[in-house]
Amino acid sequence: MAKKRPQSKAGKQQLKDGEIPVVGAREPCPCGSGRRYKACHGRAAAQAVTELVHRPFEGLAGECDWVALRELVPAATVELTLKDGLPEGVPSVKLATVLPMAWPALRRDDGSVLLALQNDTSSGDLSRDLADTLQRALEAEPGSPVTARRVPADGPRLQDLLAPDAAFEPEVHSGFEFWVPDAENATPEVSASLERANAAAIPTTLLSGVDAAYWCETPEKNHLRWVMPHPEEQLLDALARLHAAGTSSLGDETRLVGSFRAHGLVVPVWDLPTSMGAEACEKPAVEFAERLATALASDAPLSAEERRARGGLTNRQVTLS
């Protein structure tokens, strides 16, 4: 076995105000204890970074749409408003579902920033990871992507950087032409990449009459996936009441088939016939929202039939995050 190297006092780092800087996991801890960083002060930092935040977008305007763009929508962008305004040389900041080469962010030639939402993250707090990427993108050289890195456990979150009262209005795209300023005159390589990405994208439309409801088209049937802000238990009770009463559908040949659980919110899903497009969903969705509001307001105990309906909905629930 290799002998431990003695820690000399002369080699100890002089620290200010009790702060312990981050070093490599296997390096000696800067506190001078003689232990490796990962077994000393790095342990608390690692735990803070890996602890899962179940609702990372809570408190942000458009929380339901943040969840939808993270998990359900192939191609979309949203203009973001920073709490302290745009830095000099940054004309705009946009959230994008995904960027080419799976880049976490991109500082374009004109200085504008694109922040990708559907990337793998290094910690359990998606909001902190995205905030770190956004800050680095704002400082990056124009024309360069931002790469992934391990995020400091005490860094800011999106809630610290974005204006809380600013509108969050997703623009759903039919393809990924927003990747490049001039898609028509893109190089052959870029055009080929766009063509591959567009071919894999599921046609998706955001309904206008209700919040965070997204229609999508698949080869066998269409679907409506609707991210809802209500507490899970209350929402499942309300859906069970409607299901038992036969009023949970969106019309003929439609069916509430279950739900996703994503980032702390519930996403009910309806199967739709292939003949039912997004526009045809608008009126039934508004009418369903009215029925749901009535069911949510009820505090009566569930009947036996409603409990069975609730059990069926719970059994068909899938957790995405």
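**Exercise 1.** State what share of the contacts in the protein chain with a separation of 6 or more comes from residues 24 or more positions apart.

*Solution.* Residues 24 or more positions apart supply 60% of these contacts. The model is predicted. The chain has 321 residues, of which 43% count as buried. Its secondary structure consists of eight helices and 12 strands.

**Exercise 2.** Decide whether Leu138 is buried or exposed, and list its contacts.

*Solution.* Step 1: locate the residue. Leu138 lies in helix H3, which covers residues 126–139.
Step 1: apply the cut-off. Buried means under 20% relative accessible area. Leu138 has 17%, so Leu138 is buried.
Step 2: list the contacts. Leaving aside residues up to four places away in sequence, Leu138 touches Leu82, Pro87, Val90, Val93, Arg107 and Val113.
Step 3: Ser112 is 26 residues from Leu138 along the chain, and their C-alpha atoms are 8.4 Å apart.

**Exercise 3.** Describe the open sheet of six strands and the helix that packs on the sheet.

*Solution.* Step 1: give the strand order. The order is E7-E8-E9-E11-E10-E12, with mixed pairing.
Step 1: find the edges. Strand E7 (204–206) and strand E12 (317–319) each pair on one side only, which makes them the edge strands.
Step 2: examine one pair. Strand E9 (residues 222–226) runs antiparallel to strand E11 (residues 265–272), and four bridges join them. Arg225 has Val269 in E11 as its bridge partner.
Step 3: place the helix. Helix H7 (residues 278–297) touches E7, E8, E9 and E11, and its direction makes about 40 degrees with that of E9.

Definitions and conventions. Residues numbered from 1 in each chain as written. Predicted model: local features only at pLDDT ≥ 70, side-chain atom pairs only at ≥ 80, totals over all residues. Heavy atoms only, no water. Helix = DSSP H or I, 4+ residues; strand = E, 2+ residues; numbered from the N terminus. Buried < 20%, exposed > 50% of the residue type's maximum accessible area, 1.4 Å probe, protein only. Contact = heavy atoms within 4.5 Å. Pairing = 2+ DSSP bridges. Axes fitted to C-alpha atoms, helices over the stretch in contact; angles between N-to-C directions.
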